[in-house]
Amino acid sequence: MAVDKQKALLFSAAAAVRLLLFTAFPSLPNLLTGRVEISTPVTSFKRLQEGLFLYTHNVSPYDGGIFHQAPLLLPLFSLLPNSSSHPFATNLLYTLVDLLGANALMQIAETGQSVSSRLFTSSRKDLRWNTIAVGASFLFNPFTIATCIARPTSALTNFFLLTSIAKAAQGASITFILALSFASYLSLHPILLFPPLLLLCYDVRVTKSKGTPSPLTFSISHIFGLAVALALLLYLSALLTGSWEFLAATYGVRLLLPDLTPNVGLWWYFFIEMFDSFREFFLGVFWLHMASYVGGLSFRLRRQPLFVVSSLLGIFAIFQPYPSIADSALYLALVPLYRHIFPLMRYSFLAASTLLYASFLGPAFYYLWIYAGSGNANFFYAITLVWSLGLSVIVGDSLYAVLRDEWEVERPEMRGKEIKRI
């Protein structure tokens with residue numbers, strides 16, 4: 001009962017902070033919506049409003065080459081009052097999305113899959129933060145709050161991703177498939193999380209059931225379910241828009257990167273400088289690089305599929321075509337689940353300092369480039385490299401810590417001893 005009261009207090013405080021910021025600073029949402037660190041061409045709330053205006057006037061929002069978001073978002077947001085004159089309903093929706101995402105994150109923490117899975121149990125399993133602390137780390141993360149205030153559609157993707165992870169960790173196959181389908185429908189790259197999430201769901205189902213389900217049958221049924229769910233969403237989108245042109249305007253933009261608006265990622269500057277004759281080759285290389293982590297991590301860390309999912313989210317926050325701080329906030333929300341490996345991490349201070357450094361200097365460098373005219377694109381791209389370095393250090397350091405934790409379980413006599421590479 002005490003936990004329920006703490007949870008209610010946590011959610012009330014988080015909702016109050018968001019609604020207070022929306023109300024006390026009415027110009028803040030529009031200010032943050034224009035920030036390239038938060039909004040991208042494929043998630044911007046401003047572009048969603050423009051697409052919604054065309055949709056309500058019976059004009060295809062995909063004709064102008066500006067709107068790159070999923071078609072089913074249009075009828076959803078058309079049900080809400082105009083966000084310019086009556087923003088409260090939209091603000092309340094994004095606040096609720098954050099709370100539901102935190103609830104899913106707390107469900108993940110409750111399963112204990114981060115410290116004890118079917119095939120592995122950490123010797124440090126008792127070193128954990130409670131679910132309230134995990135939820136608070138997400139709800140009061142400044143990146144999460146800024147994302148909520150800016151209202152990009154990446155907040156919805158994060159909610160569906162957290163829900164899919166939570167349901168996979170509970171062994172709820174249908175809701176796991178549906179949530180992942182919605183996340184993939186909105187942002188494309190979440191479909192790469194299907195293999196480790198499938199392994200996670202399978203392990204939980206084996207643990208809970210008396211009989212062991214056939215791995216082949218289990219995999220085929222879930223692949224078929226995901227394909228059907230995605231096909232249904234795409235078919236409904238085609239019915240809504242009257243054609244299949246939205247595919248090129250939504251997923252084609254993510255795959256081919258025609259819009260080189262600056263963001264916190266690594267792609268935009270590289271392809272600005274790229275000769276057109278090499279563009280297709282390097283697009284394939286960049287996508288293959290990001291996708292290649294899925295198989296390697298899933299195979300090497302088969303015993304800890306939840307950690308594979310967490311690491312992949314960190315990799316996506318660095319290497320996807322149009323990343324934002326919303327993707328980083330999602331990854332950082334899952335890091336507290338691994339409190340037991342913190343003593344094994346070696347570069348925590350360096351990573352935290354690097355992220356803080358980039359967080360403060362990033363907006364300043366962008367201002368010098370775009371507004372003051374005393375800098376150039378190299379200023380902002382340099383600080384995005386520092387940001388990506390900070391995230392890379394966390395991903396790499398946590399990977400080392402998890403492998404060290406596994407090794408100490410296999411060889412307990414080596415616990416606490418220094419390792420030297422020969």
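This is a predicted model: local features need pLDDT of at least 70, side-chain atom pairs count only at pLDDT 80 or more; totals for chains, interfaces and linings use all residues.
Residues are numbered from 1 along each chain as its sequence is written, and side-chain values use heavy atoms, with hydrogens and water left out.

Let's start with the charged pairs. Side chains of opposite charge can pair when their charged atoms come close. Arg124 and Glu408 form a salt bridge, at 2.9 Å from N to O. Where do these two sit in the chain? Arg124 is in the loop between helix 5 (88-111) and helix 6 (131-139), while Glu408 belongs to helix 18 (residues 377-410), so the pair links distant parts of the chain, 284 residues apart. When I say helix, I mean a DSSP run of H or I with at least four residues, numbered from the N terminus.

Buried or exposed, what is Arg124? Arg124 is buried, at 10% relative accessible area, and Glu408 is buried too, at 3%. For the cut-offs, buried means under 20% relative accessible area, exposed means over 50%, and partly exposed is in between, with a 1.4 Å probe and protein chains only. These two residues are also part of a network of salt bridges that links Arg124, Arg404, Asp405 and Glu408.

Now please look at Glu406, also in helix 18. Glu406 is buried, with a relative accessible area of 3%. Its salt bridge partner is Arg303, with the closest N and O atoms 3.2 Å apart. That pair spans 103 residues, with Arg303 in the loop between helix 14 (276-300) and helix 15 (305-319). Arg303 counts as partly exposed, at 26% relative accessibility. Arg303 also meets Glu410 in a salt bridge, at 3.1 Å from N to O. Because Arg303 lies in that loop and Glu410 in helix 18, the pair ties together parts that are 107 residues apart in sequence.

What else does Glu406 touch? Setting aside residues up to four places away in sequence, its contacts are Phe120, Arg300, Leu301, Arg303 and Gln304. Contact here means heavy atoms within 4.5 Å.

On to the nonpolar side. A nonpolar core is a set of buried Ala, Val, Leu, Ile, Met, Phe, Trp, Tyr and Cys residues joined through side-chain atoms within 4.5 Å. The largest one has 128 residues, and Leu105, Ile108, Leu197 and Leu313 touch the most other members. Helix 18 gives the most to this core, with eleven residues. Leu313 is in contact with Leu161, Ile165, Leu193, Leu330, Tyr331 and Leu334, leaving aside neighbours within four places in sequence.

On a 1 Å grid over the protein atoms alone, a cavity is a set of points where a 1.4 Å probe fits but cannot get out, and a pocket is an open set with protein on both sides within 12 Å along at least five of seven lines; lining residues have an atom within 4 Å of a point. Grid points are joined across faces, edges and corners, and a volume is the space filled by probe spheres set on the points.

The largest pocket holds about 880 Å³ of space. It is lined by 37 residues, and those closest to its centre are Phe143, Leu332, Leu355, Ser359 and Trp387. Helix 17 (348-372) gives the most to the lining, with ten residues, and helix 18 is one of the helices that each supply at least two.

Arg47 is buried, at 17% relative accessible area. Its contacts, apart from neighbours within four places in sequence, include Phe67, His68, Asp259 and Thr261.

Note on methods. A salt bridge is a side-chain nitrogen of Lys or Arg within 4 Å of a carboxyl oxygen of Asp or Glu.
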